[in-house]
Amino acid sequence: VVLVPVDSRHLRSVWDYVERGLLAIIDKTRDDWIPADVYAEIRGGVSRLFMMEYGGERRGFVVVQLWPQYHNGPRLFIRALWSEPGALVAHRADVYEDLDELARSNGATAMRQLSPRRWDADGWTLKQYIYEREVEAT
């Protein structure tokens, strides 16, 4: 698996593909962001987009942010990661290796992500639960 950076000036050339994946993520997580939010983050330099390719073919993408340094150093936050269904399951170790290298190259000491499911089996450590409670309008 190769992570191919997408220059934010050329985001439009891959956007239909990325938007489709983001909509699939939203469908699974039921979160309240929309693909346009991620588009704005990438164009504004808050997030970076990398296409995931295997065998010269596009198989998915990852959107990352570099979170600030605290006591143990900065974190590479995985804002969104999506692949064609089943396309990278056999290459999971390669994906992690590439993400590790991306984190190291940005001086990050760890990676973080939000997910509707557990990732313990893949070497992730649960750091906290995130709860949400709606507030009724007055």
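Me: A helix here is a DSSP run of H or I with at least four residues, and helices are numbered from the N terminus. Why are E101 and R104 said to be separated by about one helical turn?

Reply: This is a predicted model. Both residues lie in helix 3, residues 92–105, and they are three residues apart. An α-helix has 3.6 residues a turn, so residues three or four places apart point the same way. Three residues in helix 3 therefore separate E101 and R104 by about one helical turn.

Me: What makes E101 and R104 a salt bridge?

Reply: The closest N and O atoms of E101 and R104 are 3.3 Å apart. The cut-off is 4 Å, from a side-chain nitrogen of Lys or Arg to a carboxyl oxygen of Asp or Glu. The 3.3 Å of this pair passes, so E101 and R104 form a salt bridge.

Me: Are E101 and R104 buried, partly exposed or exposed?

Reply: Exposed means over 50% relative accessible area, and buried means under 20%. R104 has 51%, so R104 is exposed. E101 has 43%, which falls in between, so E101 is partly exposed.

Me: How do you know that D27 and R30 form a salt bridge?

Reply: Their closest N and O atoms are 3.1 Å apart. That is within 4 Å, so the pair counts. D27 is partly exposed at 46%. R30 is exposed at 64%.

Me: How many salt bridges does the structure hold?

Reply: The structure holds six. One of them joins the side chains of E41 and R79, at 3.1 Å from N to O. This pair links distant parts of the chain. E41 is in helix 2 and R79 is in strand 4, 38 residues apart.

Me: Why are E41 and R79 called buried?

Reply: Look at the accessibility. E41 is at 17%. R79 is at 17% too. The cut-off is under 20%, so E41 and R79 count as buried.

Me: What is R79 in contact with, leaving aside its neighbours within four places in sequence?

Reply: R79 is in contact with W33, V38, E41, S47, V63, V64 and Q65. The charged end of R79 sits over the ring of W33, 4.7 Å from its centre. The distance limit for this is 6 Å, so 4.7 Å passes.

Me: Which residues of helix 2 are buried, and what puts them on the same side?

Reply: Helix 2 spans residues 35–43, and P35, V38, E41 and I42 are buried. They cover an arc of only 120° around the axis, which puts them on the same side of helix 2. What covers them includes helix 1 (15–29), strand 2 (48–54), strand 3 (57–70) and strand 4 (73–83). Just after helix 2, G45 takes a positive phi of about 85°.

Me: Why is the pair of Y17 and W82 called edge-to-face?

Reply: A search of the whole structure finds five aromatic pairs, and this is one of them. The ring centres of Y17 and W82 are 5.6 Å apart. Centres within 6.5 Å make a pair. Y17 is in helix 1 and W82 is in strand 4, 65 residues apart. Both Y17 and W82 are buried.

Me: Why is the pair of F61 and W82 called tilted instead?

Reply: Their centres are 5.9 Å apart and their planes are at 35°. Stacked means under 30 degrees, edge-to-face means over 60, and the rest are tilted. An angle of 35° belongs to the rest, so this pair is tilted. F61 lies in strand 3 and W82 in strand 4, so the pair ties together parts that are 21 residues apart in sequence. F61 is buried at 0%. W82 is buried at 12%.

Me: What links Y17, F61 and W82 into a cluster?

Reply: Ring pairs do that. R58 lies over the face of Y17, at 4.9 Å from the ring centre. That is within 6 Å, so the distance passes.

Me: How do you know how confident the prediction is, and where is confidence lowest and highest?

Reply: Check pLDDT, which runs from 0 to 100. The protein averages 91, and 100% of the residues score at least 70. Confidence is lowest in strand 5 (residues 110–113), at a mean of 91, and highest in helix 2, at 98.

How values were computed: Residues numbered from 1 in each chain as written. Predicted model: local features only at pLDDT ≥ 70, side-chain atom pairs only at ≥ 80, totals over all residues. Heavy atoms only, no water. Buried < 20%, exposed > 50% of the residue type's maximum accessible area, 1.4 Å probe, protein only. Helix = DSSP H or I, 4+ residues; strand = E, 2+ residues; numbered from the N terminus. Arc of directions from axis to C-beta. Contact = heavy atoms within 4.5 Å. Phe/Tyr/Trp six-rings, centres within 6.5 Å; stacked < 30°, edge-to-face > 60°. Lys NZ or Arg CZ within 6 Å of the ring centre and 35° of its normal.
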